[in-house]
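Subject: Handover of a structure and its findings

Dear colleague,

I am handing over to you the structure shown below. Please read the notes that come after it alongside the sequence and the model.

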Amino acid sequence: MKSFRAALAVLSVAAFCYQVSSSPAAVNLFGPCCTQYSTKAIPLNRVIMYEHTGNHCFQPAVIFTTIKGILLCGNPEDKWVQDIVNHQKDKAGSGRTTL
């Protein structure tokens with residue numbers, strides 16, 4: 001019975017760690033950070049908001065919120081990411097935008 005509990009605890013921790021590492025934006029005490037970048041460009045009309053990750057994050061990123069509330073991370077050096085950010089800035093005139 002002890003080994004069953006130990007195995008269950010290990011499995012629970014492993015499942016939790018997998019959830020965190022596979023999510024596009026992991027949240028810590030200082031704000032969201034990205035663990036990986038989206039490999040596909042997001043259509044302009046799907047993005048309602050974006051924000052840059054802070055200096056506390058391991059890698060710089062832009063976090064996009066889609067109209068369905070999905071968070072996706074983009075590499076700030078990618079052209080498609082810059083295009084969306086510039087488009088959003090043009091629409092609202094600020095660094096962080098919402099519709």
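The notes below describe the chain as a whole, then its sheet, its core and its disulfides.

This is a predicted model, in which local features need pLDDT of at least 70 and side-chain atom pairs count only at pLDDT 80 or more, whereas totals for chains, interfaces and linings use all residues. Residues are numbered from 1 along each chain as its sequence is written, and side-chain values use heavy atoms, with hydrogens and water left out.

Overall layout

The chain contains 2 helices and 5 strands. Helices (H or I, at least four residues) and strands (E, at least two) are DSSP runs, numbered from the N terminus. Along the sequence, these elements follow the pattern α-β-β-β-β-β-α. Of the 99 residues in the chain, 28% are buried; buried means under 20% relative accessible area, exposed over 50%, and partly exposed in between, with a 1.4 Å probe and protein chains only. The accessible surface of the chain is about 7,000 Å², and 61% of this surface belongs to carbon and sulfur atoms. Such areas come from the Shrake-Rupley method with a 1.4 Å probe, and for residues only the protein chains shown count as cover. Among contacts between residues at least 6 apart in sequence, 40% join residues at least 24 apart, where contact means heavy atoms within 4.5 Å.

The sheet

Three strands form an open sheet in the order β3-β4-β5, with antiparallel pairing; two strands pair if DSSP finds at least two bridges between them. Because β3 and β5 stand at the edges with a single partner strand each, one side of each is left without a neighbour in the sheet. From one strand to the next, the twist averages 25 degrees. Axes here are lines fitted to C-alpha atoms, for helices over the stretch in contact, and angles run from 0 to 180 degrees between N-to-C directions.

β3 and β4 pair in the antiparallel sense over 5 bridges. Along this pairing, M49 stands opposite T65 in β4, and H52 stands opposite V62 in β4. On the other pairing, 4 bridges join β4 to β5, which run antiparallel, and I63 has C73 in β5 as its bridge partner. The hairpin formed by β4 and β5 has 4 residues between the strands, and G69 in the turn has a positive phi of about 80 degrees.

How well covered is β4? Of its 5 residues, 5 are buried. Both faces are covered, with V62, F64 and T66 buried on one side and I63 and T65 buried on the other.

The nonpolar core

A nonpolar core is a set of buried Ala, Val, Leu, Ile, Met, Phe, Trp, Tyr and Cys residues joined through side-chain atoms within 4.5 Å. The largest one here has 9 residues: I42, V47, Y50, V62, F64, W80, V81, I84 and V85. At least two residues of this core come from each of β3, β4 and α2 (79-92). The most is given by α2, with 4 residues. This helix lies across β3, β4 and β5, and runs at about 110 degrees to β3.

The disulfides

How many disulfides does the structure hold? There are 2, a disulfide being a pair of cysteine sulfur atoms within 2.5 Å.

One of them joins C33 to C57, with an S to S distance of 2.1 Å. This pair links distant parts of the chain, 24 residues apart: C33 lies in strand β2 (residues 31-34), and C57 lies in the loop between β3 (47-52) and β4 (62-66). The link of C33 and C57 is left-handed, with -85 degrees about the S-S bond. C33 is buried, at a relative accessible area of 10%, and C57 also counts as buried, at 10% relative accessibility.

The other disulfide is formed by C34 and C73, whose sulfur atoms are 2.1 Å apart. This pair too links distant parts of the chain, with C34 in strand β2 and C73 in strand β5 (residues 71-74), 39 residues apart. The torsion about the S-S bond of C34 and C73 is about -85 degrees, so this disulfide is left-handed. Both C34 and C73 are buried. With the bonded cysteines of the chain numbered in sequence order, the pairing is 1-3, 2-4.

With kind regards
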